[in-house]
Amino acid sequence: MSKHVDITEFAEGLEARLHQAGIELTMGGEPTFVSALPDAPEWNTTAMGPEKLGYARRMAACLIDAVYPEALAMQVFGKWYPGEPLPRWNVVTLHTPAGELWPETERLLLDDVAGGNDEEHARILAHEIAKSLGLESGVLPAIEQDARGWDAVGWVLPLANEQGRWSSVSWPFSDDKPIDVFAGDSPIGLRLPLHELAEDCPRGALTVEVREGALEIFIPPLAWEAFRELIGMIRELVIRLDYADLVFCGYAPSETKGEVISLGLAADPGVLEVNLPPARTWHEYDFILRECAKAADKVELKLEKYQMNGAVYGTGGGSHLAFGGPDLARNPFLKDPRRITSILRYWQHHPALSYLFTGQYVGPGSQAPRVDEGPTHGLYELEVACEGIENMHDTPNGELIDQFLKNLMTDSSGNTHRSELCFDKFHNYAMPNGCLGILELRAFETYNTVDSMSAVALFVRSIFTRLFEAPFKEPLKRFGPHLHDRYFLPAFLWEDVLAICKDLKAHGFDFDPAWLEAVIEFRCPSVGQIKFEDGSIDVRRAFESWPLMAEESRGSSTVRVVDNSSDRLQVTLSDKGLLEKGMLLANGVRVPFEEVGGRMICGIRYKCASAYPALHPHVPIQSPLHLEWVDRKSGETLAASRYHYWNPGGPVYNGRPGDAEEARERRAERWLPADDLIGGRPTSHEPKLAPEYRYTLDLRRQLRV
């Protein structure tokens, strides 16, 4: 019997085995945070809003202070989605191991308060920058028309750096003919009328402006060496001029060759997403994850969200895991692509990796469906693809791997991003950052503690290492209709976790499943118990699949509409022998227990709320659930409770719970003793079952006319 090790000691042994095998496996993640009172649209549905940028800036300040001293905070711009007025911002911290990129953090405006600059500060700084570069004659005024007429809004310096030399070009503007920028709220560097330039005219430009007292400096696209030189020169000017309340924005440096550590705080729908820098080891990943959580806590951002009914979930955003290599030459997946097929096969065999660590709902309509929840031909075609990669005489390159897998790892609509194992950033020419050799695991979302997120990341890293040492070659498994019936219930998910841990141990990785117990308790908490003389019944939350109803066009954007009117619970009977004396009724229907690992288990699926559009309009709301333990001999109810999905005291709640205690109280209020049912003789009905459901009772089919 192996001696017990703690999680850190286990990780040290894991990293030693990777090092001994010469495998450099980097890992990253995307933990997400929300406001303590997440009622505004930016904390629920929209990416941007009035508060989120301030939170990102304050969190960046905390990270610079604690982790990345002398880093530069910069506001760059990323994805621009249809229906959104501006590209989404991303506050990044740029840090070099040598430091001194921007030691004067106090001169940066890292909050959402007004600064103390005016237009004269912008004019002086723009001309001083040009003068330092020997390009003073290139500075051009920019103007914008509003309701009051024409206003000067900033200064523009066309700028390029080739072979270490700075240069400017003549644009068709002057003091007499200023640059008329497009109307908008973004920096003027994003609103320049570049269409008025000749096709062969360089378009890069540095801009300086003042907005709400902040002195904003827009950096054009530059390679790392030129970027570092420009920032150093601006730093000297700022110190000499004694300027403060600066906001650097524009483009982060390219061609950094690993010399820059970049951490991003990105605007994403409903959350502030942290893009962690690639970590070489789990210890590095654990460290930065914990520091991010500390920084978030300081600015009052949270890892969990309270629903109206008191249920506690993660933030609702991704905490996806990403694995790759230090560069393409050392990428472990490109060095041996059979490692990818081994992962694909193993993941498909273990539904716990698809469901337990994800978010509020799962299944085909979710953001990370399994391959056997996508197109009906998907599983067979993936088997053919895996065999093709495994049997090639020559090692396939990234482009060929992309052709093998990109169009198979999708949801039912063919969306390559909505897949639990996503290859969008592996070798995808269609995306600017698509050729990074990264395998992204999208069926992993934020948990309520850093300990849980870190333990899950180590669990996955352990599985990868085990598969690198001993490839998994089993044929893909045909779960058929029982996939959801079994693995939406926590009993089967935990059984699968134990099977994975047993397999890891057989390969020399003694991962303790106790490190994951907090995850299943968070995802599938107990909602109540029914106690009676000889035993008890435990009721806990299970997972549910919300069917995709439609993809609707709403203006310039597309919205996925799901039917979220159903819920699923798991009921567990304390002793099998109790069924000889009694039976459990759910809304008058006998619950058909099945034995699972020595326990009697059954899932209950029911319509918990109204929705439109929704399936089965003839089914009424079936909450509260009336759960009765009935004596078989006398037919009397011996114990009973009611479970309310929603507020038992009224149709609405007075806002979200303000804290954990209020959330707990609301959950407790929804599980109520049903003493009025005790002593009654209810009519019991035999369940109407179907081949797809052996372990789940679907009350939506139990209607009696």
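This is a predicted model: local features need pLDDT of at least 70, side-chain atom pairs count only at pLDDT 80 or more; totals for chains, interfaces and linings use all residues.
Close-up 1. Strand β1 is joined by 4 bridges to strand β18 (residues 321-324), and the two strands run antiparallel.

**Close-up 2. Helix α1 and its buried side.** Helix α1, which runs through residues 7-20, has 14 residues, and from its first C-alpha to its last it reaches 20 Å, close to the 20 Å expected at 1.5 Å a residue. The buried residues in α1 are F10, A11, L14, E15 and L18. These residues lie on the same side of α1 because they cover an arc of only 135° around the axis. On the face of α1 turned away from the buried side, by contrast, the exposed residues H19 and Q20 are found.

**Close-up 3. The two ends of helix α1.** At the N-terminal end, α1 is capped by D6, which has a side-chain oxygen 3.2 Å from the backbone nitrogen of T8. Beyond the other end, just after α1, the residue G22 takes a positive phi of about 70°.

**Close-up 4. Helix α3 and the residues that flank it.** Helix α3 spans residues 119-132 and has 14 residues, with a reach of 20 Å from its first C-alpha to its last, which is close to the 20 Å expected at 1.5 Å a residue. Buried residues in this helix are A122, L125, A126, E128, I129 and A130. The N-terminal end of α3 is capped by D118, whose side chain places an oxygen 3.1 Å from the backbone nitrogen of E120. Just after α3 comes G134, which takes a positive phi of about 75°.

**Close-up 5. Strand β26 and the strands that pair with it.** Strand β26 (residues 582-586) is largely enclosed by the rest of the structure, because 5 of its 5 residues are buried. From this strand, G582, L584 and A586 point one way, while M583 and L585 point the other way. With strand β30 (residues 625-631), β26 pairs in the antiparallel sense over 5 bridges, and in this pairing L585 stands opposite E628. Strand β26 is also joined by 2 bridges to strand β27 (residues 589-590), again in an antiparallel arrangement, and here L585 stands opposite R590. Together β26 and β27 form a hairpin that has 2 residues between the strands, and N587 in the turn has a positive phi of about 50°.

**Close-up 6. The salt bridge between E216 and R211.** Side chains of opposite charge can pair when their charged atoms come close. In this view E216 forms a salt bridge with R211, and the closest N and O atoms are 3.2 Å apart. The relative accessible area of E216 is 6%, and so this residue is buried, whereas R211, with a relative accessible area of 25%, is partly exposed.

**Close-up 7. The salt bridge between R568 and E544.** The side chains of R568 and E544 meet in a salt bridge at 2.8 Å, N to O. This pair links distant parts of the chain, since R568 belongs to strand β25 (residues 566-573) and E544 to the loop between β22 (536-541) and β23 (548-554), 24 residues apart. R568 counts as buried at 1% relative accessibility, and E544 is buried with a relative accessible area of 4%.

Close-up 8. The side chains of R694 and E594 meet in a salt bridge at 3.4 Å, N to O. The pair links distant parts of the chain, with R694 in the loop between β32 (671-673) and β33 (696-698) and E594 in strand β28 (residues 594-596), 100 residues apart. At 48% relative accessibility R694 counts as partly exposed, and E594 is partly exposed with a relative accessible area of 24%. A search of the whole structure finds 41 salt bridges.

Definitions and conventions. Residues are numbered from 1 along each chain as its sequence is written. Side-chain values use heavy atoms; hydrogens and water are left out. The expected span of a helix is 1.5 Å times one less than its number of residues. Buried means under 20% relative accessible area, exposed over 50%, partly exposed in between (1.4 Å probe, protein chains only). The arc is that of the directions from the helix axis to the C-beta atoms. A polar contact is a pair of N or O atoms within 3.5 Å; within protein, one must be able to donate a hydrogen and the other to accept it, and residues adjacent in sequence count only if both atoms are side-chain atoms. Two strands pair if DSSP finds at least two bridges between them. A salt bridge is a side-chain nitrogen of Lys or Arg within 4 Å of a carboxyl oxygen of Asp or Glu.
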